[in-house]
Amino acid sequence: MPDLFETMQNMRAMRRLKPDPVPDELIRKILQAGVCAPNGGNTQRWRFLVIKDRKIKQAVQVWYKRAFDEVVGPRYLKSNPPPGVTREQYNRQHAAVEYLTDHFHEAPVWIVACLEEAAAPTRSSGASIYPAVQNMLLAARALGLGATLTTRHLLYEKEAEAALGLPPGVHSYAILPIGYPMGNFGPVGRGPLKEIVFQDSWGTPYQGI
């Protein structure tokens, strides 16, 4: 199994996934990694819905694609590449996003990361679920699987959660489509730390870099 830091350096959003089945044993390992994560007050309000039913995935994909057509796709076309990314790389990323949009329902397994919430979600609510999501993404990569964190369905939250069959008081925070990745993936390109890390006051470079 690769070193943790090597896994992090090679982990990226993998949006092109093969439809080949993923063994339940691997999904169990990914879920177990998720529940090892810290969460607010150790309340463990997280809930994970594993979706394999193609009909359910197709029903959610309708809203997922609508969000792409109306919001995400136009935004990509108008945006400039982020630091450390060329226009060619950014265009490839956009193509991968579009691919996932069209094939979202074909990913063999989805893990829907949810929280059981008595009150309305607040800005801090995600702190109790996103560490688990990151653990699951790292576990998937370490196991040779591809995955990505996507929240686009939340643009049509009520409709998508109804299609997922979530009960009252449970809200989704991410969907992780999981499968064997297409292609090869090397280290992730990012901008230099000195441009984004400050010390003591905003804009003052961190001296440890």
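Q: What relative accessibility does Lys52 have, and how is Lys52 classed?
A: Lys52 has a relative accessibility of 42% and therefore counts as partly exposed. Buried means under 20% relative accessible area, exposed means over 50%, and partly exposed lies in between (1.4 Å probe, protein chains only).

Q: What sort of model is this?
A: It is a predicted model, in which local features need pLDDT of at least 70 and side-chain atom pairs count only at pLDDT 80 or more, while totals for chains, interfaces and linings use all residues. Residues are numbered from 1 along each chain as its sequence is written, and side-chain values use heavy atoms, with hydrogens and water left out.

Q: Back to Lys52: which side chain does it meet in a salt bridge?
A: The partner is Asp24, at 2.4 Å from N to O. A salt bridge here is a side-chain nitrogen of Lys or Arg within 4 Å of a carboxyl oxygen of Asp or Glu. The pair links distant parts of the chain, 28 residues apart: Asp24 belongs to helix α2, and Lys52 to the loop between β1 and α3 (54–78). Helices (H or I, at least four residues) and strands (E, at least two) are DSSP runs, numbered from the N terminus.

Q: Is Asp24 buried or exposed?
A: Asp24 is exposed, with a relative accessible area of 52%.

Q: How many salt bridges does the structure hold?
A: There are 5 salt bridges. One of them joins Lys65 and Asp69 at 3.0 Å, N to O; both residues lie in helix α3, 4 residues apart, which is about one turn. Another joins Glu88 to Arg92, with the closest N and O atoms 3.4 Å apart.

Q: Why are Glu88 and Arg92 separated by about one helical turn?
A: They are separated by about one turn because they stand 4 residues apart in helix α4 (residues 87–103). Glu88 is exposed at 55% relative accessible area, and Arg92 is partly exposed at 48%.

Q: Changing topic: what is the strand order in the sheet?
A: The sheet is open, with 4 strands in the order β1-β2-β4-β3 and antiparallel pairing. Two strands pair if DSSP finds at least two bridges between them. Since β1 (46–51) and β3 (146–147) each have a single partner strand, one side of each is left without a neighbour in the sheet. Between β1 and β2 (residues 109–116) there are 6 bridges, and Val50 stands opposite Ile111 in β2.

Q: Which strands does helix α5 lie across?
A: Helix α5 (residues 130–142) lies across β1, β2, β3 and β4 (170–179), at about 10° to β4. Helix α6 (residues 157–164) also packs on the sheet, touching β1, β2 and β4, and its direction makes about 70° with that of β4. Contact means heavy atoms within 4.5 Å; axes are lines fitted to C-alpha atoms, for helices over the stretch in contact, and angles run from 0 to 180 degrees between N-to-C directions.

Q: How many residues are in the largest nonpolar core?
A: It has 26 residues, and those with the most contacts inside it are Ile30, Val133, Leu176 and Ile178. Such a core is a set of buried Ala, Val, Leu, Ile, Met, Phe, Trp, Tyr and Cys residues joined through side-chain atoms within 4.5 Å. Helix α5 gives the most, with 7 residues.

Q: Which residues of α2 are buried?
A: In α2, Leu26, Ile27, Ile30, Ala33 and Gly34 are buried. The buried residues of α2 pack against β1, β2, α5 and β4.
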